[in-house]
Amino acid sequence: SLDNVYYGQIAEDIETYLDILTGEKIHVDSVIPQELSPNHSFVVNDVWYFYTLDNSQELYRMNGEKPELLVSADTLGEPEMPFEMYIDDSFIYYVSYHDGLCKFSLDSGSRQSILPDELTHIENALSTIRCLFAKDGRVYYLVDSTDIYETDFNRETTTLLYHSDDNISSINMLDDTLFFSDDAISGSIFSLSVTNRTKESLPTKCGKVNEIYL
């Protein structure tokens with residue numbers, strides 16, 4: 001998966017990397033104490049994060065070789081750690097199946113949730129959300145593999161940015177621009193500015209684009 005790219009290395013998890021020259025997997029000893037019961041690990045902006053599997057599920061961030069506790073599922077008011085989330089320096093944005101889209105402050109511990117009316121017509125919409133990104137208090141996400149939405153936590157508004165008649169395979173974000181592929185138009189990657197809403201096509205010589213890393 002291109003979700004885990006760590007300083008230019010494609011990683012399967014915090015212990016396993018792919019040597020892109022030889023195609024072989026390289027195993028390294030984990031620096032996470034096993035008593036923490038580490039489970040799912042992932043990378044955000046070249047920083048490793050991982051969940052624990054104990055009775056009180058928790059989210060940790062690696063600071064060098066030292067794991068730092070960020071938040072627990074209990075603190076978020078969730079039965080378990082949310083799987084779909086985005087983390088920046090000050091906030092955790094995540095999907096709660098009973099509260100909708102949530103924004104949690106790592107500094108103050110405050111929590112804001114929005115359940116957009118725009119998603120009520122989509123069956124089980126919250127469970128289909130993936131590819132979650134955030135910038136300046138706004139979250140961007142894919143619903144039901146066909147629709148890209150923006151939810152603004154400051155204005156409490158939700159806007160449909162793009163609809164596919166087929167399937168959107170992948171989304172990624174760089175600065176204020178979303179990049180995504182649309183199976184209805186195979187062979188192109190689209191860029192969509194979240195600032196001025198302009199969309200451009202970046203034709204490629206390949207076929208269906210499955211994942212995008214920036």
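Where is E156 found? E156 sits in the loop between β15 (147-152) and β16 (157-163); strands are DSSP runs (E, at least two residues), numbered from the N terminus. The model is predicted, with local features needing pLDDT of at least 70 and side-chain atom pairs pLDDT 80 or more, while totals for chains, interfaces and linings use all residues. Residues are numbered from 1 along each chain as its sequence is written, and side-chain values use heavy atoms, without hydrogens and water.

Most residues other than glycine have a negative phi. E156 has a positive phi, near 55 degrees. Its relative accessibility is 54%, so E156 counts as exposed (over 50%; 1.4 Å probe, protein chains only). N124, also not a glycine, has a positive phi of about 50 degrees. N124 lies in the loop between β12 (111-114) and β13. At 52% relative accessibility, N124 is exposed.

An open sheet of four strands runs in the order β1-β2-β3-β4, with antiparallel pairing (at least two DSSP bridges between two strands). β1 (5-6) and β4 (25-27) are the edge strands, each with a single partner, so one side of each lacks a neighbour in the sheet. β3 (residues 16-18) is joined to β4 by three bridges.

The largest pocket has a volume of about 1100 Å³. A pocket is an open set of points on a 1 Å grid over the protein atoms alone, where a 1.4 Å probe fits, with protein on both sides within 12 Å along at least five of seven lines; lining residues have an atom within 4 Å of a point. The volume is the space filled by probe spheres set on the points, which are joined across faces, edges and corners. Of the 36 lining residues, D3, V43, Y86, F133 and N172 are the closest to the centre of the largest pocket.

Notes: Buried means under 20% relative accessible area, exposed over 50%, partly exposed in between (1.4 Å probe, protein chains only).
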